[in-house]
Amino acid sequence: MNMSMYILDMVNSLVIKKSPLQLGKTKSSYLVKQLLLGIIGAGPIGLEFASLYAKLGTKVTVFNIESGILKREEPIVQELANEYLTEQGITILNDVTLNSVSNDSHKPVITANGQNYTFDAVLYATGRKPN
């Protein structure tokens with residue numbers, strides 16, 4: 001896949017020149033449109049970024065291949081975190097099959113379970129492998 005300033009991984013999200021919140025900025029004012037962020041991964045890092053951007057006014061959708069979030073945590077922690085994130089307006093899609101991530105003009109598109117989701121930016125938060 002070609003690199004895009006709109007599709008980020010965890011390393012590049014810390015050094016990008018424009019955040020998803022700045023993509024709609026004009027010289028004189030901000031656009032009224034609520035920006036859309038797709039996050040692939042529902043572990044601690046993906047959910048932390050989801051919460052951060054949601055609190056800053058971004059509409060966040062999290063794509064999770066598992067049946068629930070934070071699968072390494074106790075069930076009560078999973079339940080409380082899910083409740084808290086949902087109250088923030090974050091959409092969590094569990095049990096998804098990711099078919100593709102692509103660029104459509106200047107917008108990234110995630111195809112999951114055969115359905116297309118278009119965003120202003122996509123963040124990969126799927127974990128890391130040790131060297």
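The pLDDT is the predictor's confidence in each residue, from 0 to 100. In this predicted model, the mean pLDDT of the chain is 83, and 75% of its residues reach 70 or more. Local features need a pLDDT of at least 70 and side-chain atom pairs count only at 80 or more, whereas totals for chains, interfaces and linings use all residues. Residues are numbered from 1 along each chain as its sequence is written, and side-chain values use heavy atoms, with hydrogens and water left out.

Helices (H or I, at least four residues) and strands (E, at least two) are DSSP runs, numbered from the N terminus. Confidence is highest in strand β4 (residues 91-93), at a mean of 98, and lowest in strand β1 (residues 7-9), at 60. The pLDDT falls below 50 over residues 27-32. Beyond near neighbours in sequence, that stretch has five contacts in the model, a contact being heavy atoms within 4.5 Å.

N64 sits in the loop between β3 (59-63) and α2 (75-87). Its relative accessible area is 5%. N64 is therefore buried (under 20% relative accessible area; exposed is over 50%, partly exposed in between; 1.4 Å probe, protein chains only). Neighbours within four places in sequence aside, N64 is in contact with A42, I69, L93, N94, D95 and V96. A polar atom of the N64 side chain lies 2.9 Å from the backbone oxygen of G68.

Y124 belongs to strand β8 (residues 121-124). Y124 counts as partly exposed because its relative accessibility is 23%. Y124 and G38 are 86 residues apart in sequence. Their C-alpha atoms are 8.6 Å apart in space.

Key. A polar contact is a pair of N or O atoms within 3.5 Å; within protein, one must be able to donate a hydrogen and the other to accept it, and residues adjacent in sequence count only if both atoms are side-chain atoms.
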